[in-house]
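Here is a short briefing to read alongside the model. Have the sequence and the 3D view open, and follow the elements as they come up.

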Amino acid sequence: MTVCKQRENRIRILHELPYRLRIRISVLHDPAFDPVYLEAVLLNVPGVEAVRFNLKAACIAVRYDGNMQNRELILACLENIPHETFQADIHREPVTDSLSVAINGILAFLTPALPRPFRPPLSWGLALPTLTQGITTSLTEGIRVETLDAAAVGFSLLRKDYFTANIIVFLLALGGYLEQLSEEKTNALLRSLLRPQSEEVWVERDGQEVKVSADEITIGDLVICGSGEMIPVDGEVSGGEALVNQSSITGESVPIHVQPGDEVLSGSLVSEGRIKISARQVGQETTTARISRFLENSLRFKSKTQKQSDILADKLVPVTFGLGLASWLLTRDIRRAASVLTVDYSCAVKLSTPVAVKMSMFSAAHCGVLIKGSHALDALSRVDTLVFDKTGTLTRGILIVTDIFPLENMSEDELLALAAAAEEHYAHPVAKAVVKAARERNLEMLSLSQVDFIVAHGVSAYVEGERVLVGSHHFIAEDEGIDCSAADSLAREIRGQGKSLLYVARGDVLEGVIALQDELRPEAPEVLRQLKHHGIQKIVILTGDHRDTARALAARLDAVDKVHWELKPEDKAEIVRELREAGHVLAFAGDGVNDAPALVTADVGICMPGGADLARESAQVVLLKEDLNTLVAAKEIADNSLEIIQNCFTSAVGFNSIFLLLAMCGVLPPAAAALLHNMNTVGILGYAAMAGKKPPQCFEEGEQACTHP
Ligand SMILES: Nc1ncnc2c1ncn2[C@@H]1O[C@H](COP(=O)(O)OP(=O)(O)OP(=O)(O)O)[C@@H](O)[C@H]1O
Ligand SMILES: [Zn+2]
C-alpha cells in the first residue's frame, strides 16, 4: 500500500466494543479526502461489515466480525491510508444530516412564536451559509440558482420577514438532504454489487503454470495474463509482449504496447498478446482501487438529458431575476420582488433529474442490471437498433463437444488431447469446451510451447515439438492454406444442425474436426419479440462463426432482421459504426474479448453476466443475471426514467409559472410564494423518487424475478 508521506496521520481509538471501533483520524479533515474511496478500501478488509464517517468530527465507525486479526488489519489500513484516497480535484457538496435539517425546520416553524428580539440573530445565523454560498457562486460562476436563493433569503431578512427567510432556508436544506439520501442509497447498492468475487489467475511456480485464487498471489509471483484478461497486480513485465488498455485508469483509450521491463497497472486490460508480470503490489489495495475508479467514473458523468436540463435551468435564472427587478421598478414594492425571486424554475428541474436517474439505476440494479450512470440510461432509452453478438448472448455461451471426427491417423481421444493441449490457457468458450471434454475423458495433457492466440481465428502452438493449429475453417484453410476439403461434406451436415466446427491440423495436415454445440437461451425468442414492443425497430446478429451455423440459429428467432457471419472483431465494430452513421441509435450486446471494439463503438454497450473483464469494463450496461429478460427490464426502466424527467420538467415549469404570475400581480406574499414553490419542488422530487423506484412492468408479476442481489 502506498502511503502518502507528506500527510501526517494520527489515529486514536475513541471507543471500542467487541464488534465496533470508533476512531478519530486526523487526515479526515483534509479537503481532498474522499470518503467513498476509503469506505471501499475498508469494506474490502476481511470481516468488515459497515463503515460510517463523521467528517465534522474527523471520526470513523467500523463494524466488523470481532476477529482480533481483522481488527489489526483495520487499524493497519487506517494508519496507512492509500494516497489515492486524496483527490485534488474532488468536489463534494457539503454534507447535510437529517438532524440539522430537522432543527432547521422546527426553528423555521417556531419563528412566529419566538420573542421578537431573538428572531433577527437566529434568522441571520441560519441564513448565513445560504448567503455566503450565493455570494461566492455569483463571484466565481455568475448568476446561478444559488444567487437567487441568497437574494430571496436576503430580501426577506432586510424586510425583517424572518419567518419567510427561515422557511426558505429550511426548504432548501430539505431538498438537498433528500437528494443526498437517494444518492447514498444508490451508491451503497452499486458498491455491494461490485465487490470483487475471488478471481482465479495463472501464475508460474517452479516453471509450471498453475491456477491460483487472486488473493493468494504474493509479491514476486510471476502472473500470466492473456488477451481479454484484466491484470490483477501492479508490476513489471518480465516476459512476452502485449497491447494493454489502461483506459480504466488513465482514461486514455489507445492501447499501449508493453514488453519486458515495462510497468503495468492492475485494472488494465490485455487486449492482445500474452505477458508474464512480476508482481510488485498485490491484493486488496489493487482490487479496491479498481472498484472505486469504476464507481467514480460511472457516477460522476452527467448525461445529455441531465446537462440539457441543467443548462436550461441555469438560463431561466436570469429570467426570474429580470422579472423580479422589473416588478420592483414598476411597482416599487420590494415585497412583490421578493415573492418573484423566491419562485425559480431551476431547483425543481435540477434536483429532480438526478433523483430520477439514480432511482432508475437503483431499481435496475434490483432487477439484475447494472446501468453505469445517467449517460447509459439516457442512451438506452433512445436505442432503436439492437445488435447481438451470437455466442454467450443469445446462446448460453457454454459450448459442449458433441462429436469428434478424426480423419485418418488418429483416435478420437488423440485428436481431442491434441486440441486441448493447444487450448489449455485460453479463456474463449470454444477453448473451455475442448479442455473440459478432454478432462472428462481423463486424457493426459501434452506438453506445449510457443502458444499464439489469434483473436477470432484460433490458436497455434507447438505440442510435443510439432506445430498444431486449432481454429475456424477460415483460419486453417484460407489463412494457413491447409487443404480442408476432406471434411467438406461432413462440415455442411453438422453446421446444418446448428453446431459449430473446430478444425485441428498438425504439421500442415488436417487431422480432424470437432463439433461443438451451444444452446439457445430458452427465453431468447420471446425476449426479442418483447424488445420490439419496447421501441426497438431492428435486431441484428453478428458472429465470428460460419454462415450455416449462424443461419441455423437465426431461423429459430423470428424477431431477427439481419445476420452477419464470419466476422473479425474489427468487422463487428465496423458494422456497428455503419449502422450508427445511417442514423440508428444502437446498443450492442456481447460477452467476450472480441466484442470490446464493438461495445465501445455502440451508443450503449451491453455486457452479459460472466463476460470477459474487458467486456464488463467497456460496457455501460452489465447484466448481472443469466436471464435475457433483464434486458427488457433495463429498456423499460430507461424509457420510464426519461418520461419521469420530462414530467418533472413540465410540472416544474407549469406550476412555477403560475406562482410567478401570481407573485408579479402581488397576490402572493413572499412566505406563501416560498411555501408553494418549495412544496412543489419537494413534491416533484418525491414523484421522481417514487416513480423511479417502481419496478418495471415485466417484473411485477414474477415474484422470483426481482430478488435482491
Ligand atoms: N480459442 C479458439 N480455439 C479455436 N478456435 C477459435 C478460438 N477462438 C476463436 N476460434 C474460431 O474463430 C471463430 C470466430 O471466433 P470469435 O471468437 O470471433 O467468435 P465466437 O465467439 O465463436 O462467436 P461470436 O462472434 O458469435 O461470439 C470461432 O467460431 C472459432 O471457430
Ligand atoms: Zn483471417
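Ala 461 stands opposite Val 468 of β17. This is a predicted model, in which local features need pLDDT of at least 70 and side-chain atom pairs count only at pLDDT 80 or more, while totals for chains, interfaces and linings use all residues. Residues are numbered from 1 along each chain as its sequence is written, and chains are lettered from A and ligands numbered from 1 in the order in which they are written.

**The six-stranded sheet**

- β16 and β17 are joined by six bridges in the antiparallel sense; strands (E, at least two residues) and helices (H or I, at least four) are DSSP runs, numbered from the N terminus.
- The open sheet they belong to has six strands in the order β14-β19-β18-β17-β16-β15, with antiparallel pairing; two strands pair if DSSP finds at least two bridges between them.
- At the edges are β14 (400-406) and β15 (448-454), each pairing on one side only.
- From one strand to the next, the twist averages 20°; angles run from 0 to 180 degrees between N-to-C directions, and axes are lines fitted to C-alpha atoms, for helices over the stretch in contact.
- Helix α14 (residues 412-423) lies across β14, β15, β16, β17, β18 and β19 and runs at about 105° to β16; contact means C-beta atoms, placed from the backbone, within 7 Å.

**The seven-stranded sheet**

- Seven strands make an open sheet of mixed pairing, in the order β12-β24-β23-β22-β13-β20-β21.
- β12 (369-371) and β21 (562-564) are the edge strands with a single partner each, so one side of each has no neighbour in the sheet.
- Three bridges pair β20 (residues 538-542) with β21 in the parallel sense, and Val 540 has Lys 562 of β21 as its bridge partner.
- Helix α12 (residues 373-382) lies across β12, β22, β23 and β24, at about 100° to β23.
- Helix α23 (residues 629-664) also packs on the sheet, touching β12, β23 and β24, and its direction makes about 40° with that of β12.

**Around ligand 1**

- Which residues come nearest to ligand 1? Of the 22 around it, they are Lys 390, Thr 391, Ala 456, Ser 472 and Gly 544; a residue is near if its C-beta atom, placed from the backbone, lies within 6 Å.
- At least two shell residues come from each of α13 (390-394), α15 (429-440), β16, β17 and β18.
- Ligand 1 lies between domain 4 (369-396 + 520-623) and domain 5 (400-517), because both give residues to its shell; the domain bounds come from an automatic or database domain assignment.

Definitions and conventions
Two residues are in contact if their C-beta atoms, placed from the backbone, lie within 7 Å.
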